[in-house]
Amino acid sequence: MKRVYAREEICGGCKLCEVHCAVAHSQYPNDIIKAFLKQKTKPIARILVEEGRPISFALQCRHCEDAPCTKACITGAMQKDPVTGIVANDETRCVGCWTCILVCPFGAIKRDESGHKVASKCDLCATVGGTPVCVQNCPNDALVFTDELWRR
Amino acid sequence: MTISMSTPDFLIERDRDRCIKCQVCVRQCANEAHFWDEEEQKVKANDALCVDCHRCVTYCPTHALTIRKYPLEFRENANWTASTIKAIYRQAETGGILLTGMGNDRPYPIFWDHLLLNASQVTNPSIDPLREPMELKTFLGRKPDQLKVEDGRLVEEIPPQLELEVPIMFSAMSYGSISLNAIKSLAAAAERVGIMYNTGEGGLHKDLYKYGKNTIVQVASGRFGVHPEYLQAGAAIEIKIGQGAKPGIGGHLPGEKVGLEVSQTRMIPEGTDAISPAPHHDIYSIEDLSQLIYSLKEATQYQKPVSVKIAAVHNIAAIASGIARAGADIIAIDGFRGGTGAAPLRTRDNVGIPIELALAAVDSRLREEGIRNQVSLVVGGSIRNSADVVKAIALGADAVYIATAALISLGCHLCQKCNTGKCNWGIATQNPQLVKRLNPEIGAERAANLIMAWEHEIKELLGGMGINAVESLRGNRLMLRGVGLSDRELNILGVLPAGE
């Protein structure tokens with residue numbers, strides 16, 4: 001399946017991926033200013049730039065083949081789509097028990113407590129379609145979206 | 001310490017209705033002009049630290065930022081301008097030489113902008129380069145005095161030549177003055193479009209040997225990174241005598257920029273200053289230069305053309321004649337507007353002469369002496385666009401060197417702070433955090449695009465003149481007319497005034 005890979009050697013750590021991810025998953029996906037200034041709670045990015053200067057790279061859900069979060073989910077909200085391979089959280093079923101956060105080997109799941117508590121994670125912009133917004137908006141092409149295992 | 005009289009040069013304006021507090025600007029500014037106020041939960045700015053490089057403006061996702069000239073005015077004075085007064089304040093505080101980067105920014109006349117090109121009308125047809133072949137291929141190097149032909153075959157031995165698809169090359173910028181990613185960008189672009197880039201005197205990094213056939217390796221007064229494989233690695237060798245931005249001045253790469261890789265490439269200890277002497281200490285005459293030229297030719301079995309790069313100075317024509325006679329295959333002349341990674345401000349702004357006049361004088365002199373075929377002329381020092389290239393070739397150049405334009409294609413915004421090592425665009429810096437901002441794949445594509453765009457434009461301009469090969473334009477000063485120039489200037493340029 002196509003995944004997002006980070007190219008650590010050219011990631012400048014600007015975190016524009018976080019900004020655009022947060023906007024795409026906000027109440028105003030097409031208006032960056034409204035998403036940040038009008039939405040009652042601060043929009044949450046589902047991608048996280050890990051930093052220890054000069055090293056930085058963006059991390060998001062790896063959509064594991066054998067995803068531990070899907071096994072750990074107590075309500076069946078976290079499911080891996082057998083066709084697309086995308087691991088997605090059904091927020092209507094999620095009860096916010098955070099078990100998925102405990103078992104995620106990448107620390108790629110965040111808590112979203114803006115509404116009823118749910119786990120917030122990368123959905124590869126499946127709802128938007130096409131290339132994920134983080135990849136589209138990386139100013140240095142430091143994120144690639146490919147079905148090959150990315151090697152430097 | 002007493003109060004500083006220096007005031008900010010720029011003002012950072014932040015539109016609070018647009019700022020989403022994402023702090024991209026804070027993370028992008030190596031000068032730390034933007035900062036996050038945790039207590040007030042606001043992004044704020046220290047204007048005095050801003051160098052107007054536009055990194056934050058370009059990266060701000062909501063276009064909330066504008067940089068303006070700081071509005072504080074001195075009492076109007078045509079003689080004592082703000083920059084003059086501020087320079088004195090700085091020197092009164094530091095007691096030091098003023099340093100700067102990039103080329104001369106003073107309002108000296110730009111002769112390119114006083115030269116106009118011809119076009120065909122009625123009496124001779126113009127050519128459409130989209131429909132008909134157009135030749136820009138250029139060979140640099142010594143051309144034989146005559147061509148010997150026996151039994152219908154060329155038997156003349158042709159000296160080594162540099163082959164260019166477009167008469168443009170990236171001029172010398174060393175590894176140390178610019179980042180490895182910037183050099184990789186230029187090297188890959190040069191390979192893609194069939195031209196040359198130049199190592200400067202920083203040696204050749206191990207990752208760059210694969211670009212050898214598109215590389216001119218430089219030998220300068222510091223002899224950094226010069227060894228037999230280095231000389232063999234390139235397509236040509238250039239002896240650097242001088243640089244347009246700082247004629248008569250050497251170079252100084254401060255120790256903090258000499259990290260492990262720079263030190264290995266330059267073959268000097270890590271963390272030590274790399275000082276290039278002002279003169280080559282083995283060259284005090286044309287005869288000495290000749291010795292070095294032939295030493296280098298000997299070291300490379302006479303297989304590579306040798307170029308000599310000099311700054312355009314007053315007696316340029318006679319100097320160039322001497323260099324041609326010393327055995328150089330190419331003379332590269334750098335005009336007084338040429339850029340630099342660091343130069344004393346007063347030298348940069350006051351030493352040397354315009355490349356347009358230097359080129360015309362040298363080309364005329366070499367023709368008068370009947371030795372023009374012995375050398376190719378390459379000129380640099382602020383070639384800003386394809387029209388400048390065409391005008392340079394019409395004035396007598398074989399090819400041009402571009403560096404500032406190439407860096408602008410990589411993202412340079414001409415903030416003139418290369419010497420500080422804090423280049424926010426990842427170009428003139430060795431800070432790994434900043435270097436990685438320049439993705440060499442993107443850089444190569446942008447620099448190659450620039451050359452391809454200029455190639456198209458040069459073909460259009462040639463076609464308009466009814467010329468289908470750049471060879472027919474070379475030294476064809478009848479294709480130029482001068483406007484707003486004195487008789488004396490027209491005379492030196494060898495160009496008729498418009499209307500004549």
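Predicted model: local features only at pLDDT ≥ 70, side-chain atom pairs only at ≥ 80, totals over all residues.
**Exercise 1. Dimensions of chain A**

Examine how the radius of gyration of chain A stands against that of a compact globule.

Solution. 
- Step 1: For 152 residues, a compact globule would have a radius of gyration near 15 Å.
- Step 2: Chain A has 15 Å, so the value agrees with the globule rule.
- Step 3: Along the principal axes, the C-alpha atoms of chain A fill a box of roughly 40 × 40 × 30 Å.

**Exercise 2. Fold and charges of chain A**

State the order of the elements of chain A from the N terminus on.

Solution. 
- Step 1: Chain A contains five helices and eight strands.
- Step 2: Their order is β-α-α-β-β-α-β-β-α-β-β-α-β.
- Step 3: Of the contacts in chain A between residues at least 6 apart in sequence, 55% link residues at least 24 apart.
- Step 4: Chain A carries 20 positive and 17 negative side chains, with the centres of the two sets 4 Å apart.

**Exercise 3. Domains of chain B**

Describe how the two domains of chain B are placed.

Solution. 
- Step 1: Domain 1 of chain B spans 10–72, and domain 2 spans 138–497.
- Step 2: Their C-alpha centres lie 37 Å apart.
- Step 3: Contact joins 11 residues of domain 1 of chain B with eight residues of domain 2 of chain B.

How values were computed
Residues numbered from 1 in each chain as written. Chains lettered and ligands numbered in written order. Heavy atoms only, no water. Helix = DSSP H or I, 4+ residues; strand = E, 2+ residues; numbered from the N terminus. Rg over C-alpha atoms; globule rule 2.2 N^0.38 Å. Contact = heavy atoms within 4.5 Å. Lys, Arg positive; Asp, Glu negative; His and termini not counted. Charge placed at Lys NZ, Arg CZ, Asp CG, Glu CD. Domains from an automatic or database assignment.
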